[in-house]
Amino acid sequence: MNRFSAEEKNKELKSSAAGAKRRKFIWLLVVAVFFGWAGYIFFAQSALIAVKKDELAKKQESNENVTKSLTQLKYEVSRLNDEEYIGQLARKWYNIYPEGELPIRTEQSEE
């Protein structure tokens, strides 16, 4: 007869099958924990990205408004370098007219 009898072979197969089952269970447990952790991190970061995206949209809108305002102010400053525009403002706001010029007043302008 050979070294191992049929009963010993069955016993050895059962014990190795139990070890293989245990290793599979531990491996599946580790994989499940890893995927659980990865899923949690994914959803947490997705929520954070959504919040940051909203903040970015608000800041970009604010930036556009500030840029428009800056462009308007630069235009006003460039107009203030023009003598004719300054004369128009002086006539309109302060009623200052050059010598020899007679202001024309209408009923609408007096209101």
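In the predicted model, Ile 26 is part of helix 1, which covers residues 6-80.

The protein as a whole contains three helices and zero strands, giving the pattern α-α-α along the sequence. Of its 111 residues, 4% are buried. The accessible surface amounts to about 11,000 Å², and carbon and sulfur atoms account for 61% of that area.

Aromatic contacts were examined next. A pair of aromatic rings is described by the distance of the centres and the angle of the planes. Four aromatic pairs are found in the whole structure. One of them joins Phe 34 and Phe 35 in an edge-to-face arrangement, with 5.6 Å from centre to centre and 70° between the planes. Phe 34 also pairs with Trp 37; here the ring centres are 5.9 Å apart and the planes meet at 40°, so this pair is tilted. Phe 34 and Trp 37 are three residues apart in helix 1, which is about one turn of the helix. Phe 34, Phe 35 and Trp 37 together make up one aromatic cluster.

Phe 34 is partly exposed, at 45% relative accessibility. Phe 35 has a relative accessible area of 56% and is exposed, and Trp 37, at 51%, also counts as exposed.

How values were computed. Residues numbered from 1 in each chain as written. Predicted model: local features only at pLDDT ≥ 70, side-chain atom pairs only at ≥ 80, totals over all residues. Heavy atoms only, no water. Helix = DSSP H or I, 4+ residues; strand = E, 2+ residues; numbered from the N terminus. Buried < 20%, exposed > 50% of the residue type's maximum accessible area, 1.4 Å probe, protein only. Areas by Shrake-Rupley, 256 points an atom, 1.4 Å probe, with all protein chains shown as cover. Phe/Tyr/Trp six-rings, centres within 6.5 Å; stacked < 30°, edge-to-face > 60°.
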